[in-house]
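I opened this notebook to record what I looked up in one structure, beginning with a helix and ending with a pocket.

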Amino acid sequence: MADRQTLPVLPLRGQVIFPGLTAPIAAGRPGTLRAIETALKGDRLVFAVAQRDNSDEPTGDVLYTTGVIARIGQIQRGLGGVQLLLQGEGRATALQFVKTEGFLSAVIVPTADMEPIDPKDPAFEALHRETRERATELGEKRGLPEEAVHQVLDSVTEPGRFADLVAGYLDVDVPQKQVLLETLSVEERIRRVLVHVQRQIGMLSAQEDIKNQVQEELGDRQREMFLREQLKAIQKELGDDDSSKEVEALREKLAKLDLPKDAQKEVERELGRLERAGRESMEAQVIRTYLESIAELPWNTRSDDQLDLPRAVTVLDEDHYGLGDVKDRVLEFLAVRQLRARQLEAELHETGELPASKLVADDEAVPASDKPITDTKEAKSRAMARGPILLFNGPPGVGKTSIAKSIARALGREYVRIALGGVRDEADIRGHRRTYVGAMPGRIINGMKSAGTRNPVFLLDEVDKLGSGFQGDPASALLEVLDPAQNNSFTDHYLGVPFDLSEVLFIATSNFIQNIPGPLLDRMEVVEFSGYTEREKAGIATQYLVPRQFDESGLKSAGITLTPDAVMTVVTQYTREAGVRQLERQIGAVARKVARKLAAGGDDAATVPKVLDSGDVRELLGRPRVHPEKIAETDTIGIANGMYYTPMGGDIMFVEASVRRPGTRTGPKSGVAETAVETISDGLGVSGPVSLILTGQLGDVMKESARAAFTYATNNAASLGIPTNRLGAVEAHIHVPAGAIPKDGPSAGIAIATALVSEMSGRPVRRDVSMTGEITLRGRVLPIGGIKEKVLGAHRAGIKHVIIPKANEADLEDVPDEVRQTLTFHPVQTLEEVLKVALVPQSEVERVIERELAAL
């Protein structure tokens, strides 16, 4: 018996590989990919065997036992898996299937062909020759060139290999191919191959007969079409030609559009085809739909721009609470376009026309198709669309889409929005070519059709969620749409003619700017939307959300209102988000519960007060859902107040530190998040191994901050008042609570250092002080971001003193005045300044100890 060997198993669905043949394979299942990777690390051999069914996770029970030892040739990796070429080398039988390391392996034994007793036997030779002739006939019937068929078949002279070659190209199902693979007798295998070949030749002959019959029927249809044309001529003579009337009506409608030259030429060509086509034919329906799409587009219809900046200010303030920075940027955007439109209007009034170059930036080429502008409305509209395209970036629910609506209302333009989230097909942007069944224009052209004007405000929503696949990259298609030098001749695949988008005011929105491809991002100017503060949310709720939800719930006539404290209770205790969507849902819940009591009547209705306070809100909504951190009750050794920022707002966090000598313990306990063992000298001649333990799901940046803080504390022990018995062979443990939440960022550096120095020196940290800033090994404090949100979170927690980096002092201008007046800020440049503010002075610590001893 041949030597056994163990090979990774490559399960095949709907396919059987034969020795001597090369076959392309697509692999994407995890187990299959692991088997391929294992084979690539060795001699590239796998055991390719067919499945009995189409299960996604095959086991040995669903695999045939006879397969092929195959060698992996070329391999190409893609997003969904790999494409590879398998070269069959020889048959083999699996003795056992074993699943290890996530893939199947097989213990196999190679099997050899059973050659005929007498290869020169006339009967065997006749069988071999007949199979070759029939295989040649089959190849020619399939439409393959005769020379290619002979070249392939004549290249194999050995009967067994020849039978495998023909079997590999047979159009039969997997069980039948598997029978051929398991047939070891060469003579029997050739005989079975011949049977299949003869059967397929018969099927192809039958198909040819059917094809001839269809051709005859098509001839009858052509005759019918000719007769219909004659009938059409007769109807025209009788004046009863509905089809001609329909074409003429469509022609008149298109003639009123004043189409560009290229579009007019294409329309005339399609109208001619429509006249020649039968009214009920499929071609006529396709042409009619295309011409109607052309007629529905706003080729020359424009909205009258209302270039009134004070009105724009009024509209933005009516529609949105807060967002001062965003409103300023939008008003600047509109002011520049307003002044440029007035300037061009004055020049047009003086000269009578404007060259196209007046509306093109210096670094852009003037398109050859741009003709001089003589219409005042067109000049104003194109001037308003010129300039950078705004990208509103920020978390969900902060008003990005509604700001775009307000811009459209302020300008008096139509508003169009298309959602790009999840779009993976380029045809969604550019449209489908008319050669496809069910072709239609892309979203851009459909949006223009919905707007009804050629100068709408066009919102491209969620451009950061565009996908890409084998259908193309929609982000690349948007490059032409958003490029002022190209979008005056945007060509949709369905239309096939240029359409001018240069007067459209495009605005885009996104949540994560890092997901937008670089070339697309380069086309846009980013306007950042930060999350609302709690006071802003309360103002939005009072001004917009409460009236809307109470009106929708039928409470407007009942005179039910919420107190400011009740609104703030909903904001702080039942929502935690950057925007106000969840806040509106919670207010809606309050309104529904009140409406239910009023509708029930009786005692329930009598218990509903006209003014709902915070206690009423808690009774209606139940226990609070959000629990923000609060200031500690006492000054504590080893616990410092840090600050953090998320898109949902800022808050404080407690950083805890503990230092002790490990005693006889030889290593850290199992389950600790990370341990770093170093040798650190304290500057006093005391050194030893230091075990630094970091827990609380800290990210890499926070871990590095902790190491830097510990190094600074030990190297500056003398100046920091750290006794020598707290140095040397010690174990330092730093923990940040809420261990289920991952945390990262550099801004916790000074909080970690303060907690460490407090623990090592025995000086408590002041409970009313919070801090944020990055630390270096030399004790410098570096700037960070999110100052506004962090300060607001600290203020809400009851903090009185806030330590920030000196370089961030200018960021305090973003903090509301009422908050700044209640806090004391300490801009610092070094950790030494931080510790002077954050730690209780040593003299006060000693007085406290003396008082406690005296009391004892």
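I take helices (H or I, at least four residues) and strands (E, at least two) as DSSP runs numbered from the N terminus, and the expected span of a helix as 1.5 Å times one less than its number of residues. This is a predicted model, in which local features need pLDDT of at least 70, side-chain atom pairs count only at pLDDT 80 or more, and totals for chains, interfaces and linings use all residues. Residues are numbered from 1 along each chain as its sequence is written, and side-chain values use heavy atoms, with hydrogens and water left out.

Entry, helix 1. I found that helix 1 (residues 30-41) has 12 residues and reaches 17 Å from its first C-alpha to its last, close to the 16 Å expected at 1.5 Å a residue. With buried meaning under 20% relative accessible area, exposed over 50% and partly exposed in between (1.4 Å probe, protein chains only), I noted Thr32, Ala35, Ile36 and Ala39 of helix 1 as buried. They lie on the same side of helix 1 because they cover an arc of only 100 degrees around the axis, taken from the directions from the helix axis to the C-beta atoms. Pro30 and Lys41 are exposed, on the face turned away from the buried side of helix 1.

Entry, whole chain. I counted 29 helices and 25 strands in the protein chain, and 46% of its 856 residues count as buried.

Entry, lining. By class, the lining of the largest pocket has 23 nonpolar, 11 polar and 13 charged residues, where Ala, Val, Leu, Ile, Met, Phe, Trp, Tyr, Cys and Pro count as nonpolar, Asp, Glu, Lys and Arg as charged, and the others, Gly among them, as polar. A pocket here is an open set of points on a 1 Å grid over the protein atoms alone, where a 1.4 Å probe fits, with protein on both sides within 12 Å along at least five of seven lines, and lining residues have an atom within 4 Å of a point.
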